[in-house]
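User: Hi! I'm new to reading protein structures. Could you walk me through this one?

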Amino acid sequence: YPLCERIMEQLLYTGQDVTERMDLLRQYVAEGGRTGLEGAFLHRCAYSGVMENQPIHRYMIHDMLRMEKNGESLTDLCRIAVLQYYAKNRDAMDRAVEEAVKRMGSRLLERGIQLPVLREFARLIPGAEFLLDKTFVVYCGTPEEKVCLYWRPLSQKGGSEYRSARMPHLYEGIHAMSFVLFPGESLQYFIAREEEPKKRLGSGVLKATEADPANGGRYGMLY
């Protein structure tokens, strides 16, 4: 596998998109390549999927599951990618995948990485049920960025003055804040860098997340 290894290292070194080179990963794994390089390749694939919204290849997810099952090193970004994949592909889950999702989600919560995708598996991941009542704003940027969220409640009379707070950096450039909104409540928001408050990076309106009382949300009975 030396040639395959050199190509993979070159792709990672130059920062190229590796999501279309699953052929290299398949060959490298089949030939018994180093798990360190394999993990780095998977991390870059996960970055493309989570941070850049690129399609996540099924083989990449299966390889992450294999590494996790074998107790090999796996980054939290890979764990997030796995959860996002199965949130969109529930029919592909079996008992083994459910157990892996439970372990990965629990690890993310232990590290304080609270993201909306965890709500999708509230029945599997202990502690994720406490996220069911929260509505999230997530910004994907860089770890160095100081990003602020500006928000104000909306009513029939219009919006009030904006409040602001720095968005906590959770992991690898993922910044997130959450709110508990009751039915009928909504918030208008925008995101900006701390040093450039007038340059908006994103904006929108938050509304209360619809809850299923069976999921156990604290305010589920209000729906």
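Analyst: Happy to! Let's begin with helix H3, which is mostly covered: 13 of its 18 residues are buried. Keep in mind that this is a predicted model.

User: How far does H3 reach from its first C-alpha to its last?

Analyst: H3 reaches 25 Å, close to the 26 Å expected for its 18 residues at 1.5 Å a residue.

User: And what is H3 followed by?

Analyst: By Asn 53, whose phi is positive, near 55°.

User: Let's zoom out. How many helices and strands does the chain have?

Analyst: There are 6 helices and 8 strands.

User: What box do the C-alpha atoms fill?

Analyst: Roughly 65 × 45 × 25 Å, taken along the principal axes. Of the 223 residues in the chain, 43% count as buried.

User: What about contacts between residues at least 6 apart in sequence: what share joins residues at least 24 apart?

Analyst: That share is 59%.

User: Which residues does Ile 61 touch?

Analyst: If you leave out residues up to four places away in sequence, Ile 61 touches Ile 56, Ala 81, Val 82, Tyr 85 and Tyr 86.

User: I clicked on Ser 106. Where does it lie?

Analyst: Ser 106 lies in helix H6.

User: Is Ser 106 buried or exposed, and why?

Analyst: Ser 106 counts as buried because its relative accessible area is 18%, and the cut-off for buried is under 20%. Leaving aside neighbours within four places in sequence, Ser 106 is in contact with Ile 125 and Pro 126.

User: New topic: sheets. What order do the strands have in the open sheet of 3 strands?

Analyst: The order is S1-S6-S5, and the pairing is antiparallel. Strands S1 (134-140) and S5 (169-171) are the edge strands, each pairing on one side only. On average, neighbouring strands in this sheet are turned by 40° against each other, direction ignored.

User: Over how many bridges do S5 and S6 pair?

Analyst: Over 2 bridges, in the antiparallel sense. As an example to look up, Tyr 171 has Ile 174, in S6, as its bridge partner.

User: Where is the pLDDT below 50?

Analyst: Over residues 211-223. That stretch still has 24 contacts in the model beyond near neighbours in sequence.

User: Thanks, that helps a lot!

Definitions and conventions: Residues are numbered from 1 along each chain as its sequence is written. This is a predicted model: local features need pLDDT of at least 70, side-chain atom pairs count only at pLDDT 80 or more; totals for chains, interfaces and linings use all residues. Side-chain values use heavy atoms; hydrogens and water are left out. Contact means heavy atoms within 4.5 Å. Helices (H or I, at least four residues) and strands (E, at least two) are DSSP runs, numbered from the N terminus. The expected span of a helix is 1.5 Å times one less than its number of residues. Buried means under 20% relative accessible area, exposed over 50%, partly exposed in between (1.4 Å probe, protein chains only). pLDDT is the predictor's confidence in each residue, from 0 to 100. Two strands pair if DSSP finds at least two bridges between them. Axes are lines fitted to C-alpha atoms, for helices over the stretch in contact, and angles run from 0 to 180 degrees between N-to-C directions.
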